[in-house]
Amino acid sequence: MREFLDQVKANKMALTGTIVLAFFVLTAIIGPFFFPFDVMEFGNVEDILQPPGPGHILGTDDMGRDVLGYLIAGSRVSLLVGALATLLCMVIGTVIGIVAGYSGKAVDNILMRITDFFLVIPWLPLMMVLAAILGTSIWNIILVIGVTSWAGTARVVRAQTLSVRERQFVERTVSIGAGSGHIMLYHILPNVFPLVFASTILVAAAAITSETTLSFLGMGDPAHASWGMMLHYAFETGATSTGAWWYFLPPGICVVAVVLAFTLMGYAFDEILNPKLKER
Amino acid sequence: MDKKRIAKKLVYAFITIFFVLLFNFFLFRVLPGDIVSMLSRGGKATPEMLANIRKMYGLDLPWYQQFFVYLKNLSAGDLGVSFMYKKPVLDVIGARILPTVVLLGVAEIFAILIGIVFGIVSAWKRGKALDTGLLSTSLLLYSMPTFWLGMMLILIFCVYLKVLPISGMVTPGRLFVDQWAQLQDILRHMILPMICLTLGMIGEYAITMRSTVIDVLSEDYITTAKAKGFSDGYVLRRHAMPNAMLPMITLIAINLGMIVGGAIQVETVFSWPGLGSLMYNALVNRDYPLLQGVFLLSTVAVVFANFLSDILYEMVDPRVRSMGG
């Protein structure tokens, strides 16, 4: 474990990613106390879409509210939705992957057919359709993202489970009478965990992108400001055509920064944990 | 090629499509707002009228019979009638296929070419400044939401520089001298969405190509070729590239299958009249027959693209054949 942490510290990509992420999480937690913002409130009519100036470092939005406050409030929602969706996705994917890999034969076959099905369907149309059916509350968005993104993880976890299953200690555990559930939980899971961890990070990047895209296309929760919702309103109220760059540039930059941070961390962890990559 | 294996993959593809149809069918039964509730919203329809409409649309049959009717209609090319356009769904979709295919086709070609070049150069100069630069650019493009890139392009080229039109495929209300002038107008409108789409796809191709080429370059036969005295360029062209192209084939085929889903963001931002913006409009207006039709088309396209990429991959890489696929 210590060796792993040392390697992480040495890897510049992982370090950059972690620092950027830490910065955003910190601002999300502390920020709203310094820059309070309520998405349900209106601002002053004279202040609509004002460029950055005294009192508003990032200008105002289409309702006359402070963009910086909006941005910080949005970071909370975007990060939270991303985190919960990732959690859901990883739980489903890992459970299915381990059960499929360990059980083999019929169960494996059925589970893999279902996984392939979800891998095949294009994600954005599927998410849009599900969001249309279920409605656009924030919990539904989390559910939609989680339920559509688990297939890749399941595949990877299953492959790893297949290899772990062949190891000697598993055979020994079976021979002393341990049940399948016990083996899957206490023996297989700890051994596939590093891979699951690296996969989680990349899934997080995709989850945040998905939430932003869905919100932009109008399927976000209006009661909760996220960066995607900011971009949605910026587009809808014509910020692009009137050149109100302060409204849509900051949230976009934040999304890119966070996704990039996750991606860098993900690739770095992949390099660290995958011995074949290290030799190159 | 082994006919039995192709047949087996074809069967799998059809089974998947069958499940897609089933999924599609049930998905839209669950949706709020079937035709009966839509028509009864005004409160003017009597119970007898509602019962008649039910019967007309076959909604009084048990679900498995409804499914057979659905399949039967499908095979006759009947995808229902769009609520918004009051025309058969198939016609509405048909009119929008070409703009999307053109946009995506051209963008794909550019993205593949540029992505391959970036990837190879990056891998060859691994660790040096050029690699870092190209890799960072690719990662940046990969992390960017495509629609946001579009918004920025609009800001730069339409608002500040004022050189390109903001949206649509043609300038509304304009009359053209001849076909050539009209084509020029369309091309002017196509530049920005195409750049946006291309940039969005380069990231993925460049990063994958770079990984693959790095893998290939570490193989023994490359060292042998270099030891034999072949020039760097020759080794790259004749030894490294052919082998590195294999995973790219799969990636390209899969992206081609995403004809509908892939362009939704770009088409919405630029109001390009293709399948992507059609799906978006159908969604916003809750036009369920249209939504169902576009969704079906996009999933079937992906299934077939995967099937073709599978076959193609086996034809190109003999190792897969002998391992039993």
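The model is predicted, so local features are given at pLDDT of at least 70 and side-chain atom pairs at pLDDT 80 or more, while totals for chains, interfaces and linings use all residues. Residues are numbered from 1 along each chain as its sequence is written, and chains are lettered from A and ligands numbered from 1 in the order in which they are written.

I begin with the interface. Here 31 residues of chain A are in contact with 37 residues of chain B, contact meaning that the C-beta atoms, placed from the backbone, lie within 7 Å. On the side of chain A that touches chain B, at least two residues each come from α4 (105–120), α5 (123–134), α9 (180–219), α10 (227–236) and α11 (245–273) of chain A. Helices are DSSP runs of H or I with at least four residues, strands are runs of E with at least two, and both are numbered from the N terminus. The largest share, eight residues, is supplied by α11(A). By type, this side of chain A has 21 nonpolar residues, nine polar and one charged. Nonpolar covers Ala, Val, Leu, Ile, Met, Phe, Trp, Tyr, Cys and Pro; charged covers Asp, Glu, Lys and Arg; the others, Gly among them, are polar.

I turn now to chain B. This chain has 15 helices and zero strands. Of its 325 residues, 33% count as buried, that is, with 20 or more other C-beta atoms within 10 Å of their own; 12 or fewer is exposed, and in between is partly exposed.

Which helix does α5(B) meet at roughly 140°? The partner is α10 (residues 232–257) of chain B, whose axis comes within 11 Å of that of α5 (residues 89–124). Axes are lines fitted to C-alpha atoms over the stretch in contact, with angles from 0 to 180 degrees between N-to-C directions. The angle makes α5(B) oblique to α10(B), as it is not under 35 degrees (roughly parallel), over 145 (roughly antiparallel) or 65 to 115 (roughly perpendicular). Residues making this contact include B:Trp124 of α5(B) and B:Met241 of α10(B).

Finally, the backbone. Most residues other than glycine have a negative phi. B:Lys86, however, has a positive phi of about 55°; it is found in the loop between α4 (63–75) and α5 of chain B and counts as exposed, with 8 C-beta neighbours inside 10 Å. B:Ser271 has a positive phi of about 50°, and is partly exposed, with 14 other C-beta atoms within 10 Å.

Note on methods: Two residues are in contact if their C-beta atoms, placed from the backbone, lie within 7 Å.
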